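Thank you all for coming; I would like to walk through one structure this morning, and I will give the cut-offs for each term as I come to it. Please have a look at it first.

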Amino acid sequence: MELPEATNFIEQYINEDLASGKYEGRGNQIVVRFPPEPNGYLHIGHVKALCINFGVKEKYAGKINLRMDDTNPAKEDYEYVNSIIDAVKWLGFEYDNLFYASDYYDKLYEIAEKYIKDGNAYVCDLSAEEITATRGTLTEPGKESPYRNRSVEENLKLFREMKAGVYPDGAKVLRAKIDMSSPNLNMRDPVIYRIAHVPHYRQGDKWCIYPMYDFAHPVSDAIEGITHSLCSLEFENHRPLYDWVIEKAGFAQPVPRQIEFARLNITNTLMSKRYLKKLVDEGVVSGWDDPRMPTLMGLKNRGVPPMALRKFCAAVGVAKNYGVVNNAQLDECIRDELNVTAERAMAVTDPVKLTITNYSGEEELEFEKNPTDGSGATRPVKFSGSVYIDRSDFALVPPPKFKRLFKGGFVRLKAAYIVRCDEVKLGQNGEVEEILCTYFPETRSGSEVKSDIKAKGVIQWVDCKYGVDACFTSYAQLLNDEEYPDQDYAERLNYDSIKTCCGKVEPYAAESGEGKCFQMMRTGYYKVCAAKDGKAQLSEIVSLKDNFNK
RNA sequence: UGGGGUGUCGCCAAGCGGUAAGGCACGGGAUUUUGAUUCCCGCAUUCGUAGGUUCAAAUCCUGCCACCCCAGCCA
């Protein structure tokens, strides 16, 4: 059979498995799954697992299930399953089936009874503390439970009573009977069922015993006919148990194979659910969808295009090395995507008035919507000869290599004319108040007439007459680990992480509709938000590269 | 101190016995009505380390070192 070229070690394994012919009876179909527990919101770390799994499905024309790994009723809720589904869809991934581990509870229970009948599981009366105490240590073997050798009949009776609700939480557990002296702690008679008189968000009060991950996960994979169960590195130690569970359950070959990969880490990006929750609970952020959060809802809210996240995962690759990707790589992927998808608009965040003394009247000029998407589409932009430019685009004393405006210098007003600064009006504190310029009609943008007048730089502007008041929000970089190793993440996020300033923006951008993304020329990529207090609101997605001052 | 993993450029990451891909970052240059984009060019004689096998090793063998994971009735 024709095998696709493997681009990472997971695909190599899949190719080997395919080549071995083990899936011939199933038409060589590869089946994978993405199994989040619905106990929280998906974040950027999950995108890697998503991309890997959906990537495999795509590459091998296989199937993929979205499976809610909901075996702990105390933590799970529909709120999370809905948010997970939304996030997966937002990323543009289409799954073949939506499954719930909780739908397998009957089957799981049946297999547990089989374990008992086969002498592979027993009901243990030890308390949680006692089980911990007898588990042994890294270097010493554990001690066998005194209940380890109960008869099949007794185990069955007890287990059925557990299910019937005869015992309180913690009174008894079902344990797999494996090897208390195994060097792998996971094999020392792990608990596979616990009693929890807690209603399940989907099953209600039907159950008071719930299967543990180590039992439910492999069985769920096997039930669904998963061929490759991809998970993160910390489950490597569980693989022998994974295989044991499936083998003793008696599933027919071929059975799923677990393959582990390194999870995603990004510098200055908090990825642990626990800390993320802390930020929400302490009110450091406005919620799970705060634009500073690395949750998919947060990223979406910030204006990050889903494709940028997928490109990022592709760039990062898949391996087993523990690594931390520099967040510059993420930023670059976001820019890369926005560069071709975002329209351009002009905005000034720190306005200074520039008046052209020899211009009168007004006109409509052509402004290219996006010079990089190849469309060449333009839109009109009104010009009245009196504009706001950004304070940083003018210098009283131009630094070396300065390409923008200074007294006596020339600069092009983007899409308009080249102007020369003749005079500068200063305020009481010496700050620039107004810049007076002369414009040159023959330098009109797109003009056929050749002009000898040249300008080294091009700056953006917003017309005084038509410009709209705007509020710009930007999210500062978190303090980095090297400089502030002891700083708490919550503090880092809190520290000046939102900055706002008021300026002017073109009406085109202000009226373009909430959610639209623009590159505000040299100031960065921004998302349009709902107007507030009569002002247009623009929030930064990612800053633009700026090589000046390097 | 048991077991399971991992160590290739500042950061990710290919490589699978035949003489170090790529991306990010960085440096230089060209084009540009965004100091953006685009486009060139440069960027590990060396693969944790010490030995060994081989005509030939990042790739095979051995020892050592470093880091990560495992003692939830969480997933």
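Predicted model: local features only at pLDDT ≥ 70, side-chain atom pairs only at ≥ 80, totals over all residues.

**A surface patch, a sheet and some salt bridges**

Val397 sits in the loop between β16 (394-395) and β17 (405-406), and with a relative accessible area of 70% Val397 is exposed, on a scale where buried means under 20%, exposed over 50%, and partly exposed in between (1.4 Å probe, protein chains only).

Residues are numbered from 1 along each chain as its sequence is written, chains are lettered from A and ligands numbered from 1 in the order in which they are written, and side-chain values use heavy atoms, with hydrogens and water left out.

Turning to the sheet, there is an open one of 3 strands in the order β1-β2-β3, with parallel pairing. At its edges stand β1 (31-34) and β3 (97-100), each with a single partner strand, so one side of each has no neighbour in the sheet. From one strand to the next the twist averages 30°. Helices (H or I, at least four residues) and strands (E, at least two) are DSSP runs numbered from the N terminus, and two strands pair if DSSP finds at least two bridges between them; β2 (residues 63-68) and β3, which run parallel, are joined by 4 bridges. Within this pair, Arg67 stands opposite Phe99 in β3.

Helix α2 (residues 44-59) packs on the sheet and touches β1 and β2, its direction making about 160° with that of β1, while helix α3 (residues 78-90) lies across β2 and β3 and runs at about 155° to β2. Contact here means heavy atoms within 4.5 Å, and axes are lines fitted to C-alpha atoms, for helices over the stretch in contact, with angles running from 0 to 180 degrees between N-to-C directions.

What holds Arg67 in a charged pair? Arg67 forms a salt bridge with Asp221, the closest N and O atoms being 2.7 Å apart, where a salt bridge is a side-chain nitrogen of Lys or Arg within 4 Å of a carboxyl oxygen of Asp or Glu. Because Asp221 lies in helix α7 and Arg67 in strand β2, the pair ties together parts that are 154 residues apart in sequence. Both are buried, Asp221 at 0% relative accessibility and Arg67 with a relative accessible area of 0%. A network of salt bridges links Arg33, Arg67, Asp221 and Glu224.

The structure holds 39 salt bridges. One of them joins the side chains of Lys57 and Asp96 (3.0 Å, N to O), with Lys57 in helix α2 and Asp96 in the loop between α3 and β3, 39 residues apart. Lys57 is buried at 14% relative accessibility, whereas Asp96, at 30%, is partly exposed.
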